[in-house]
Amino acid sequence: MTLLDRILRPSQVAHAHCDGPCGVYDPASARIAAEAVLSMAKKLKDISGDDLAAENTKGRYIAIKEEQAQIAKDELLILWTDYFKPPHLEQYPDLHDTFWKAAKLCSQNKVEVNVEAAEELMAAVENVHNIFWATKGREIPFYRAG
Amino acid sequence: MTSKGGRVFLTALLVAGAIRGALTIRRYARYGVVGDSMAPTLLPGDFLVVDLRVASTHPGDIVLAVDPREPGRVIVKRVASLDGDTVTLRGDNPAASTDSRHFGPVPASQVTGRVVLCYWPWPRRRVFRR
């Protein structure tokens with residue numbers, strides 16, 4: 001079998017190629033981080049009391065919110081700069097604006113405790129999700145874990 | 001076949017066969033598939049016969065083309081559509097394919113062959129008809 005394989009083996013190769021690491025881009029990672037931001041903003045708003053326990057909880061929620069807002073931004077930038085290519089821009093002329101505004105929302109959510117801004121970020125991520133999967137010709141419904 | 005006519009006929013047949021063989025050598029080439037982007041139609045390790053004489057391509061054809069981003073490399077993709085002198089190429093496995101969605105349509109002149117059959121592995125043998 002291996003001898004036969006060697007005899008039959010062509011000397012030239014045709015690449016059914018794919019830029020590595022393809023197939024691993026997914027707006028889901030941005031969505032999970034944005035959801036965490038939204039959740040933390042909501043929880044922060046509802047914290048009452050100013051004892052040490054409440055202060056500690058607030059501090060932890062703030063830290064998580066800022067960290068996740070940064071992760072959301074990083075994930076969006078990866079999609080923007082690595083996944084999306086010039087032909088996509090022709091298809092979606094406001095692609096740059098979409099990502100720029102989404103990244104700005106990440107910054108705003110990092111700085112503020114703002115449920116409304118967190119919802120806006122979720123909407124921006126949903127928009128990116130829809131564009132992303134449309135470019136892949138797949139219908140993947142947007143969903144939230146929370 | 002001892003008559004003179006028979007010998008002439010046989011010789012003619014041999015000459016025709018030799019010419020045909022010579023043409024065949026130039027016309028067809030064998031290629032091995034590397035990569036997943038044409039799955040499940042073509043899998044890594046599939047051996048193909050490619051018709052190098054492509055007068056025209058049609059949507060649906062599986063073709064070889066010069067990689068627009070790395071001219072030394074040959075890629076295998078399916079023709080999605082034709083637009084004048086350009087060809088839009090797609091992988092059958094879009095989730096794992098870099099193709100015209102990324103590098104745009106390629107000039108038709110860069111299409112160098114059409115895949116006509118897969119001959120190995122034997123259970124995967126298949127003729128690609130138009």
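How many residues of chain A are in contact with how many residues of chain B?

Reply: Happy to! Please keep in mind that this is a predicted model. In it, 23 residues of chain A are in contact with 31 residues of chain B. About 2300 Å² of area is buried between chain A and chain B, and carbon and sulfur atoms give 56% of that area. On the side of chain A that touches chain B, the elements giving two or more residues are helix H1 (2-8), strand E1 (12-15) and helix H4 (86-91) of chain A.

Now for the polar side of the story. Between chain A and chain B there are 11 residue pairs in polar contact, with both residues at pLDDT 80 or more.

Let's zoom in on one residue, Asp67(B). You will find Asp67(B) in the loop between strand E3 (62-66) and strand E4 (74-83) of chain B. Asp67(B) counts as buried because its relative accessibility is 1%, and the cut-off for buried is under 20%.

Within chain B, the side chain of Asp67(B) makes a polar contact with the side chain of Arg73(B) at 2.9 Å. The Asp67(B) side chain also reaches the backbone nitrogen of Arg69(B), at 2.9 Å.

How values were computed:
Residues numbered from 1 in each chain as written. Chains lettered and ligands numbered in written order. Predicted model: local features only at pLDDT ≥ 70, side-chain atom pairs only at ≥ 80, totals over all residues. Heavy atoms only, no water. Contact = heavy atoms within 4.5 Å. Buried area = accessible area lost by both parts, 1.4 Å probe. Polar contact = N/O pair within 3.5 Å; in protein donor to acceptor, adjacent residues only side chain to side chain. Helix = DSSP H or I, 4+ residues; strand = E, 2+ residues; numbered from the N terminus. Buried < 20%, exposed > 50% of the residue type's maximum accessible area, 1.4 Å probe, protein only.
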